[in-house]
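Hi,

Here is the structure I promised to pass on to you. Please open it first, and then read my notes below alongside it.

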Amino acid sequence: MCPRRARWVIDCQRDGYPIGAEVIELTTTARLPKPVSDSWQWQLKAACRDLASSRFFHPDHERGNSRDERERNAKRVCHTCPVIRECRAHALATREPYGVWGGLSEHERRTLVASGQVA
Ligand code: SF4
């Protein structure tokens, strides 16, 4: 039995006038991009979901002890988070430049990427 095939019809125009249609057969949807919501679904379970972003992202010119303290507190939240692995993987894959993600600071993520331990 032949699987049902999806068809995608594209109207073709030249100089604004219709000149026909092109039919594209789609035998599988596996190669199509997944819905964006699938990529972000894990965030619905994030322990930081209802917390102020300022707990995870530094204000301008924050340095020294106050930055260390803020990052330590953010990491404490991360270590209770049910999606820490997904968050960390996302931050490393996208080279997220700012904030604490997946229990890692900006500096820690940069170090991991620079060491070649991240693809
Ligand atoms: S690991 Fe941390 S930054 Fe990532 S979603 Fe959880 S609490 Fe938020």
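This is a predicted model: local features need pLDDT of at least 70, side-chain atom pairs count only at pLDDT 80 or more; totals for chains, interfaces and linings use all residues.

Residues are numbered from 1 along each chain as its sequence is written.

The overall layout

The protein chain has four helices and two strands, and along the sequence they follow the pattern β-β-α-α-α-α. Helices (H or I, at least four residues) and strands (E, at least two) are DSSP runs, numbered from the N terminus. Of the 119 residues in the protein chain, 13% are buried. Among contacts between residues at least 6 apart in sequence, 32% join residues at least 24 apart. Two residues are in contact if their C-beta atoms, placed from the backbone, lie within 7 Å.

Around the ligand

The ligand is surrounded by 14 residues, and the closest are A46, C48, C78, C81 and C87. Here a residue is near a molecule or strand if its C-beta atom, placed from the backbone, lies within 6 Å of it. α2 (64-78) and α3 (84-93) are the elements that give two or more residues to this shell. By type, the shell has twelve nonpolar residues, two polar and no charged. For that count, Ala, Val, Leu, Ile, Met, Phe, Trp, Tyr, Cys and Pro are nonpolar, Asp, Glu, Lys and Arg are charged, and the others, Gly among them, are polar.

UniProt, in an unreviewed entry, lists C48, C78, C81 and C87 under "binding site". These residues span 40 residues in sequence, yet no two of their C-alpha atoms are more than 11.0 Å apart, so they gather at one spot. UniProt positions are given in the numbering used here, feature names are shortened, and annotations may be inferred rather than shown by experiment.

C48 is in the loop between α1 (36-40) and α2. Leaving out residues up to four places away in sequence, C48 touches F56 and V77. C81 sits in the loop between α2 and α3, and C81 counts as partly exposed because it has 19 C-beta neighbours inside 10 Å. With the sequence neighbours up to four places away set aside, C81 touches A46, A47 and C87.

The core and α3

Which residues make up the largest nonpolar core? They are C48, F56, A74, C78, V83, I84, C87, A91, V100, W101 and L104, eleven residues in all. The elements that give two or more residues to this core are α2 and α3, and α3 provides the largest share, three residues. A nonpolar core is a set of buried Ala, Val, Leu, Ile, Met, Phe, Trp, Tyr and Cys residues joined through C-beta atoms within 7 Å.

In α3, the residues I84, C87 and A91 are buried. Seen down the axis of α3, the buried residues fall within an arc of 65°, so they line one face of the helix. That arc is taken over the directions from the helix axis to the C-beta atoms. The face turned away from the buried side of α3 carries the exposed residues R85 and A93. What covers the buried residues of α3 includes α2 and α4 (106-114).

A few details to look up

H61 has a positive phi of about 65° although it is not a glycine. H61 lies in the loop between α1 and α2 and counts as exposed, with 6 C-beta neighbours inside 10 Å. R95 also is not a glycine, and has a positive phi of about 55°.

Finally, R76 is in helix α2 and is exposed, with 11 other C-beta atoms within 10 Å. The C-alpha atoms of R76 and G103 are separated by 7.8 Å, although these residues are 27 apart along the chain.

Best wishes

Conventions. A residue is buried if 20 or more other C-beta atoms lie within 10 Å of its own, exposed if 12 or fewer, and partly exposed in between; C-beta atoms are placed from the backbone.
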